[in-house]
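Student: I would like to go through this model and check each term against its cut-off.

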Amino acid sequence: MSKSLPVLSSVLAWLLAAFFLFGAYGNTFISEENAAAYLAWGYPGWFHYITATLELAAGLLLLRTALRPFGAGLGALVMAAAALTTLVNADFAHTIAPSIVLVVSLVVLALSLTVRRTAN
């Protein structure tokens, strides 16, 4: 195995963790604009706390190498739901970011599983 693969996996995972931790903060202390978006998408007023909790969990799991695949998988599920929500509601301007983070989450998942498999 290339020595750069675990490094790449860790760097991407830490960047992704930072994204999810920042997102958890933003969804906990939600702006009026984002609260209005959740309502426009049909979610109840408290739903942003669910998103914040899932993003916090994904971010924390990504920080530990042994738990990284779970964090990446959870993050991918959260971003798939976000992308699907924006697509279904024809809010295409908000579809790009979760789609990119979804792809990065899947890359981190694949890399972390590969690193784990080759380390054993």
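The dialogue below takes the helices, the core and the overall shape in turn.

Tutor: This is a predicted model, in which local features need pLDDT of at least 70, side-chain atom pairs count only at pLDDT 80 or more, and totals for chains, interfaces and linings use all residues. Residues are numbered from 1 along each chain as its sequence is written, and side-chain values use heavy atoms, with hydrogens and water left out.

Student: How many helices and strands are in the protein?

Tutor: The protein has five helices and zero strands, where helices (H or I, at least four residues) and strands (E, at least two) are DSSP runs, numbered from the N terminus. Along the sequence the pattern is α-α-α-α-α.

Student: What makes the protein as compact as a globular protein of that length?

Tutor: Its radius of gyration is 15 Å, close to the 14 Å that the globule rule gives for 120 residues, so the protein is as compact as a globular protein of that length. The radius is taken over C-alpha atoms, and the rule is 2.2 Å times the number of residues to the power 0.38.

Student: How do you know that the span of H4 agrees with its number of residues?

Tutor: The expected span of a helix is 1.5 Å times one less than its number of residues. For the 21 residues of H4 (residues 68-88) that should be 30 Å, and the end C-alpha atoms are 30 Å apart, so the two agree. H1, with 25 residues, reaches 36 Å from its first C-alpha to its last, close to the 36 Å expected.

Student: Which residues of H1 are called buried?

Tutor: Buried means under 20% relative accessible area (exposed is over 50%, partly exposed in between; 1.4 Å probe, protein chains only). In H1, Ser9, Ala13, Leu16, Ala17, Phe20, Gly23, Ala24 and Asn27 are buried. They pack against helix H2 (32-40), H3, H4 and H5. Over the protein, buried residues make up 31% of the 120 residues.

Student: What makes up the largest nonpolar core?

Tutor: A nonpolar core is a set of buried Ala, Val, Leu, Ile, Met, Phe, Trp, Tyr and Cys residues joined through side-chain atoms within 4.5 Å. The largest has 11 residues, including Phe20, Leu62, Met79 and Val101. H1, H3, H4 and H5 each give two or more residues to this core, and H1 gives the most, with four.

Student: Which residues does Phe20 touch?

Tutor: Contact means heavy atoms within 4.5 Å. Not counting residues up to four places away in sequence, Phe20 touches Glu55, Leu56, Ala58, Gly59, Leu62, Gly75, Met79, Val101 and Ser105.
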